[in-house]
Amino acid sequence: MTPKRMIVIGNSDGIGLAFTRLALAQGADVRGISRREAPIEHARYRHEVIDVAAPAYPDRLEAIAKEEGPMDVVVFCAGVGNPEEKAWWRGEARVIEVNFLAAVRSLEVLLPDFVARGSGHFIALSSLADCLHVKDAGSYCSSKAGLSTFIESTALRLRG
């Protein structure tokens with residue numbers, strides 16, 4: 001891989017953390033964003049702690065993009081589920097906010113620069129759950145379905 005400049009959103013654990021480590025091992029410069037510190041110490045890595053569902057997130061992402069300069073790749077890995085509990089309905093909106101709306105807000109901030117430069121990649125990790133109907137995971141499945149449809153439709157719009 002040619003060294004790239006990238007932002008990885010949602011990289012304090014899981015796939016985002018693994019992707020960040022792989023990108024760094026392959027020579028990329030990475031700016032991580034997540035609601036918790038990421039367990040990474042590397043000369044080509046900087047981290048920002050902010051919740052993608054926070055009202056200040058889009059403005060902070062825009063400031064980070066300006067600080068870092070043009071990005072080659074942005075990878076949206078942020079995602080949550082709603083654990084089963086008695087009052088599960090109280091967490092449904094947050095799942096949709098983090099898994100879907102935060103990705104849309106991220107793209108709203110970053111896409112103008114990509115279009116102006118004629119380059120850049122926005123990758124959003126979805127899930128096979130995007131086509132499932134599961135009684136205990138309605139918000140998760142629907143948020144991933146929304147994410148998949150939005151990203152695919154945006155890609156079609158940007159082609160050519």
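Trainee: What makes strand S2 and S3 a pair?

Mentor: Strand S2 (residues 29-34) and S3 are joined in the parallel sense over 5 bridges. Two strands pair if DSSP finds at least two bridges between them, so S2 and S3 qualify. Arg-31 has Arg-46 in S3 as its bridge partner. This is a predicted model, in which local features need pLDDT of at least 70, side-chain atom pairs count only at pLDDT 80 or more, and totals for chains, interfaces and linings use all residues. Residues are numbered from 1 along each chain as its sequence is written, and side-chain values use heavy atoms, without hydrogens and water.

Trainee: Why is strand S3 called an edge strand?

Mentor: Strand S3 (45-49) pairs on one side only, as does strand S5 (121-124). The open sheet has 5 strands in the order S3-S2-S1-S4-S5, with parallel pairing.

Trainee: Why is Cys-77 called buried, and why is Cys-131 called exposed?

Mentor: Buried means under 20% relative accessible area, exposed over 50%, and partly exposed in between (1.4 Å probe, protein chains only). Cys-77 has 15%, so Cys-77 is buried. Cys-131 has 58%, so Cys-131 is exposed.

Notes
Helix = DSSP H or I, 4+ residues; strand = E, 2+ residues; numbered from the N terminus.
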